Amino acid sequence: MASVCVNDALTDDELRWILSRLDTEKDKEVFGLVCKRWLYLQSTDRKKLAARAGPHMLGRLASRFTRIVELDLSQSVSRSFYPGVTDSDLAVIAEGFKCLRVLNLHTCKGITDTGLASIGRCLSLLQFLDVSYCRKLSDKGLSAVAEGCHDLRALHLAGCRFITDETLKSLSERCRDLEALGLQGCTNITDSGLADLVKGCRKIKALDINKCSNVGDAGVSSVAKACGSSLKTLKLLDCYKVGDESVSSLAQFCKNLETLIIGGCRDISDESIVLLADSCRDRLKNLRMDWCLNVTDSSLTCVLKQCKSLEALDIGCCEEVTDNAFQGLGSEDVLGLKVLKVSNCPKITVAGIGKLLEKCSSLEYLDVRSLPHVTEVRCSEAGLEFPACCKVNFSGSLTEPDVLL
């Protein structure tokens with residue numbers, strides 16, 4: 001019987017099916033070594049690419065990988081180099097990767113508004129853009145992105161200190177399907193900007209305004225009212241102007257809230273926390289309220305009793321919290337907590353930790369640093385038994401989980 005060449009017997013679609021059945025990227029690379037036809041199919045089928053390359057090499061990659069939808073050029077904070085990715089690189093990307101939907105430029109310190117203008121002009125399909133810590137960027141570049149990328153769903157701008165309310169206004173007018181926005185450390189953002197944002201962007205699911213020190217109750221309340229049905233994650237770390245009005249608005253409008261970060265918001269008190277616990281009892285999973293100095297046992301007990309889905313809780317430096325917060329739990333109260341941080345709560349003792357352990361067998365991380373009455377020796381003397389999978393941080397030697405960052 002005459003031998004039959006595989007390439008003569010199989011169509012491109014059949015070869016692509018074979019390629020799709022390979023589990024690892026290494027196997028797919030080997031597939032491409034068979035012949036030019038298989039290399040072409042393997043190249044055009046690839047959807048994701050991470051690279052460190054200049055304009056010439058990026059051009060060659062664009063010619064080979066014609067269907068790339070996700071491109072990662074990000075640099076790590078610890079190993080970033082300057083200038084790294086430049087505006088010239090972005091011009092090549094904009095012209096060569098027309099199908100891009102995801103572009104990660106995290107910590108690419110050399111890019112400017114000129115490069116972003118290229119992105120906005122050519123990548124109309126873009127849905128995800130991360131330019132966190134690209135410190136040269138301003139409203140001009142981000143407005144160009146908003147102008148050209150109307151389908152944008154997620155935009156991350158952490159550390160972009162020159163961004164102002166003008167960017168939020170541009171997003172509101174042109175990117176109405178926006179679902180995630182990261183603005184950590186953008187200190188020029190104000191209540192007015194947030195109000196403008198949600199006039200058009202009413203589908204926001206995740207909003208990070210950590211360390212946006214000019215944001216207060218008016219801005220948070222406007223977000224709560226406009227995005228009440230969609231908002232699941234809100235981060236307000238060290239927004240010291242935020243108080244009970246903000247949390248009360250979230251309780252009133254945001255029944256689907258899952259993650260709330262209000263650490264450092266020192267004016268928040270028991271009254272609004274109780275409202276939040278009652279309103280979000282079935283959804284709330286992560287709550288960080290360290291340095292909320294007016295929070296006491298009454299609201300904490302309410303959170304623990306009512307929020308049955310709660311998995312992570314940080315009450316560090318809440319100096320008024322005592323053992324009574326845990327002693328108030330009844331026999332029917334079973335906690336599903338996985339992460340609990342109670343560092344620097346001087347009124348909590350071994351007795352309180354013991355009561356907590358009776359109600360919670362799912363703990364994976366417990367932070368008891370700087371508790372004068374809780375030490376490893378005293379816990380051992382009291383016969384406390386921690387869950388087998390639980391890491392207990394007595395002295396700061398353990399790596400903290402990032403669920404509450």
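1. β6 (180–182), β7 (206–208) and β8 (233–235) each give at least two residues to its lining. Strands here are DSSP runs of E, at least two residues long, and helices are runs of H or I of at least four, numbered from the N terminus. A pocket is an open set of points on a 1 Å grid over the protein atoms alone, with protein on both sides within 12 Å along at least five of seven lines; lining residues have an atom within 4 Å of a point.

2. A word on the model. It is predicted: local features need pLDDT of at least 70, side-chain atom pairs count only at pLDDT 80 or more, and totals for chains, interfaces and linings use all residues. Residues are numbered from 1 along each chain as its sequence is written, and side-chain values use heavy atoms, with hydrogens and water left out.

3. The largest pocket has a volume of about 250 Å³. Volume is the space filled by probe spheres set on the grid points, which are joined across faces, edges and corners. Its lining counts 15 residues, with His156, Gly182, Gln184, Asp208 and Lys235 nearest the centre. By class, seven are nonpolar, six polar and two charged. Ala, Val, Leu, Ile, Met, Phe, Trp, Tyr, Cys and Pro count as nonpolar; Asp, Glu, Lys and Arg as charged; the others, Gly among them, as polar.

4. The second largest pocket holds about 160 Å³. Among the residues lining it are Asn286, Glu311, Lys338, Glu364 and Lys391. Its lining divides into six nonpolar, two polar and four charged residues.

5. Leu181 is among the residues with the most contacts inside the largest nonpolar core, which has 114 residues. Such a core is a set of buried Ala, Val, Leu, Ile, Met, Phe, Trp, Tyr and Cys residues joined through side-chain atoms within 4.5 Å. A second, separate core has six residues, including Leu237, Val339, Tyr365 and Leu404. Val339 and Tyr365 also line the second largest pocket.

6. Ser222 sits in helix α11 (residues 217–226). Ser222 is buried, at 17% relative accessible area; buried means under 20%, exposed over 50%, partly exposed in between (1.4 Å probe, protein chains only). A polar atom of the Ser222 side chain lies 2.6 Å from the backbone oxygen of Gly219. Leaving aside residues up to four places away in sequence, Ser222 touches Leu194, Ala195 and Val198, where contact means heavy atoms within 4.5 Å.

Terms used: A polar contact is a pair of N or O atoms within 3.5 Å; within protein, one must be able to donate a hydrogen and the other to accept it, and residues adjacent in sequence count only if both atoms are side-chain atoms. On a 1 Å grid over the protein atoms alone, a cavity is a set of points where a 1.4 Å probe fits but cannot get out, and a pocket is an open set with protein on both sides within 12 Å along at least five of seven lines; lining residues have an atom within 4 Å of a point.
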